[in-house]
Structure formats: C-alpha cells, structure tokens
Amino acid sequence: MCSSFALHKFYVSVTQIDYVPNKKRIEITSRIFIDDLEKALTKKYQRKPNITSTNELPEAEEWIKAYLKEKIKISINKKPQVIEYLAKEVEGDVLIIYTKIAISKKINTFEIYNALLTEAYSDQQNIVHINIDSNKRSILLTNSVFQEKIDY
C-alpha cells in the first residue's frame, strides 16, 4: 500500500494472511490508513482516539482491538477462529496491526469476513492476500461483498 499521499481519494486496506506450519499459526498483518480508522472509531465511540499522537486516548488500543474483532472474522474448516491481537506500529500515515490464529489442523476450508471501514466509506475496498500451503490468492472485499470462502 502506498503511503506517500497526504490526502488520498481512495479508501483501501490491505491484509496479508500467511499460514506458518512450523509455528502452528496463521499470521495476519493489516494495513489501514490512520485517518480512515480514526473516522470509523470516532463514529463508533463518539470520541476521536488520536491514534499514534501524543494525545492518543488511553482506551484507543482497546477500541482498535474491539473494532478488529467485529470487522475481521475467520473460519477454518467451518469453525470460527479466535484472532489474537499482538501489536501495532506506524509506517507513515498507515497503521500496521499484527494478529494471529493458533492452528494445528490441516486447512480444508478458509473463510474470511472483512468489513473494515465499510461503515465509514461507501467505496471502501479491502484487499486480502492469502498464502496457505503455498497456495496464493488475492481477494477484493467491498461494501457489497464482505466475505469469501476458499476450499483447499
């Protein structure tokens, strides 16, 4: 995702999902423009979180965790998974969020639901890159298509 634009006229997030069998987990990295996420969180909580600034609200990280739990859901082999929040970092005007799922079984079906920022922007696009057992797939999720299922 290009982060060199001070004002962007497109609304996009990019999520990378990688299955790491030797660690028995799926690693998820989401990249979201900070101002877009702040708009969504402000709408939800009626207070601006001031993410990554010196005025960041103490509850901002908990809001981000709750928002991710609501907006990104993954089912593996038709079973909903617990996504564990790990950390966040800033790269320019983008917030990078790291999460993971513990998994030790063979993945036969993978279903992703991603509705990040769709309540804030009608033209929001969420790009998801998935790499499971060297099978790579990219999907585009939007306001009209929130989820996709992949069979392996």
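**Aromatic pairs and overall fold**

The count comes to three aromatic pairs in this predicted model. Rings of Phe, Tyr and Trp (its six-membered ring) pair if their centres lie within 6.5 Å. Planes under 30 degrees apart count as stacked, over 60 as edge-to-face and the rest as tilted.

**View 1. Tyr45 and Trp63 form a stacked aromatic pair.** Their rings sit 4.3 Å centre to centre, with 5° between the planes. Tyr45 lies in helix H1 (residues 34-45) and Trp63 in helix H2 (residues 60-71), so the pair ties together parts 18 residues apart in sequence. Helices (H or I, at least four residues) and strands (E, at least two) are DSSP runs, numbered from the N terminus. Tyr45 counts as partly exposed, at 24% relative accessibility. Trp63 is buried, with a relative accessible area of 10%. Buried means under 20% relative accessible area, exposed over 50%, partly exposed in between (1.4 Å probe, protein chains only).

**View 2. Tyr113 and Phe146 form a tilted aromatic pair.** The centres are 5.9 Å apart, and the planes make an angle of 40°. Tyr113 belongs to strand E7 (residues 109-114). Phe146 lies in the loop between strand E9 (135-142) and strand E10 (147-151). The pair therefore ties together parts that are 33 residues apart in sequence. Tyr113 is partly exposed, with a relative accessible area of 23%. Phe146 is partly exposed too, at 28%.

**View 3. The protein has two helices and 10 strands.** Along the sequence, the pattern reads β-β-α-α-β-β-β-β-β-β-β-β. The C-alpha trace spans about 45 × 30 × 25 Å along its principal axes. For 152 residues, a compact globule would have a radius of gyration near 15 Å, and the protein agrees, with 15 Å. This radius is taken over C-alpha atoms; the globule rule is 2.2 Å times the number of residues to the power 0.38.

**View 4. Of the 152 residues of the protein, 41% count as buried.** Take contacts (heavy atoms within 4.5 Å) between residues at least 6 apart in sequence: 59% join residues at least 24 apart.

**Notes.** Residues are numbered from 1 along each chain as its sequence is written. In this predicted model, local features need pLDDT of at least 70, side-chain atom pairs count only at pLDDT 80 or more, totals for chains, interfaces and linings use all residues, and side-chain values use heavy atoms, with hydrogens and water left out.
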